[in-house]
Amino acid sequence: MDFSGWEKLSLLDYDHHVASSLFVAGCNFRCPYCHNKTLVINPNSAPIISWDEIYNFFKKRKGMIEGICISGGEPTLMTDLMEKISLLKELGYQIKLDTNGSNPKILKEVVKKKLIDYVAMDIKNCPKRYKETIGIKQFSLAGVQESISFLRTNPIDYEFRTTIMEEFHDEEAIREIGEWIHGAPRYFLQRYIDNENCIVGGFHPVSKEKAMHYQGILKDFIREVSLRGYD
């Protein structure tokens, strides 16, 4: 697996940081609403960005860029992820990891080795609706549950987040998610945007009014609940 996508300047992917985002090709989920179809469905045909190009870019931009977001696809499936993050960390950058939480072993390692500074973990849905939401009929939640339990011990600054759609999320599901991640420091409800890069697409975003209603429900379980993309 390689880095196959790169947004050299982003003000959205790492809150409160001027950042650059790297995207890994390949994922073990098939979320139908995913915006990175080319990276997920056909990772072997995705472009490969030279590591030397990436490293030299960040080496020259210390002081101009503050953080690096490692996203995907699913970054924890990358065999040399820790080696590459370590090199970027040595340059002095703040590192954020986006993950679906299915690989708790790697998540725990990068946290314990202090290779990252922030984790954004997707909570795709309540447990009973997880399989349909990630597009995988046979899936064990054990890894996701282990990652949730690990992060809730507060070993690192982190957030949970869910991209919400009318087709997958309702009041019952939102309440069950709140019960599941009870006590988390922060949780974001993200607005779904349909476009041609989605694996399937054609879904419908939750209205701001309904998202605010969900926000109120979740505040019974989580200290900070915010809406993202509902400006």
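Biologist: Which residues of α4 and α6 meet?

Modeller: Contact means heavy atoms within 4.5 Å. Here P104, L107, K108, V111 and K112 of α4 meet G143, E146, S147, F150 and L151 of α6. By class, that contact has 5 nonpolar, 2 polar and 3 charged residues. (Ala, Val, Leu, Ile, Met, Phe, Trp, Tyr, Cys and Pro count as nonpolar; Asp, Glu, Lys and Arg as charged; the others, Gly among them, as polar.)

Biologist: What kind of model is this, and how are the residues numbered?

Modeller: This is a predicted model, where local features need pLDDT of at least 70 and side-chain atom pairs count only at pLDDT 80 or more, while totals for chains, interfaces and linings use all residues. Numbering runs from 1 along each chain as its sequence is written, and side-chain values use heavy atoms, with hydrogens and water left out.

Biologist: Back to the helices: at what angle do α4 and α6 pack?

Modeller: Helices (H or I, at least four residues) and strands (E, at least two) are DSSP runs, numbered from the N terminus. Axes are lines fitted to C-alpha atoms, for helices over the stretch in contact, and angles run from 0 to 180 degrees between N-to-C directions. Helix α4 (residues 104-112) packs on helix α6 (residues 142-151) at about 25 degrees, with the axes 9 Å apart. The two are therefore roughly parallel (under 35 degrees; over 145 is roughly antiparallel, 65 to 115 roughly perpendicular and the rest oblique).

Biologist: How do α2 and α3 cross?

Modeller: Helix α2 (residues 51-60) and helix α3 (residues 81-90) cross at roughly 20 degrees, and their axes come within 10 Å. That makes α2 roughly parallel to α3. W51, Y55 and F58 of α2 make the contact with K84, L87 and L88 of α3. By class, we get 5 nonpolar, no polar and 1 charged residues there.

Biologist: Let's pick F58 out of α2. Is F58 buried or exposed?

Modeller: Buried means under 20% relative accessible area, exposed over 50%, and partly exposed in between (1.4 Å probe, protein chains only). F58 has 0% relative accessibility and counts as buried. Leaving aside neighbours within four places in sequence, F58 is in contact with W6, S20, L22, I65, I68, L88, L91 and Y93.

Biologist: What about α7 and α8: how do they pack?

Modeller: Helix α7 (residues 171-180) and helix α8 (residues 208-218) pack at about 35 degrees, with axes 9 Å apart. Their crossing is right-handed. E171, I174, R175 and G178 of α7 touch H213, Y214, I217 and L218 of α8.

Biologist: Where does H169 lie?

Modeller: H169 sits in the loop between β6 (157-164) and α7. H169 is buried, at 2% relative accessible area. Setting aside neighbours within four places in sequence, its contacts include I174 and Y214. A polar atom of the H169 side chain lies 2.9 Å from the backbone oxygen of K124.

Biologist: Which side chain has a polar contact with that of D98?

Modeller: A polar contact is a pair of N or O atoms within 3.5 Å; within protein, one must be able to donate a hydrogen and the other to accept it, and residues adjacent in sequence count only if both atoms are side-chain atoms. The D98 side chain makes one of 3.1 Å with the side chain of S71. D98 lies in strand β4 (residues 94-99) and is buried, at 7% relative accessible area.

Technical notes: A crossing is left-handed if the near helix is turned anticlockwise from the far one by less than a right angle, and right-handed if clockwise.
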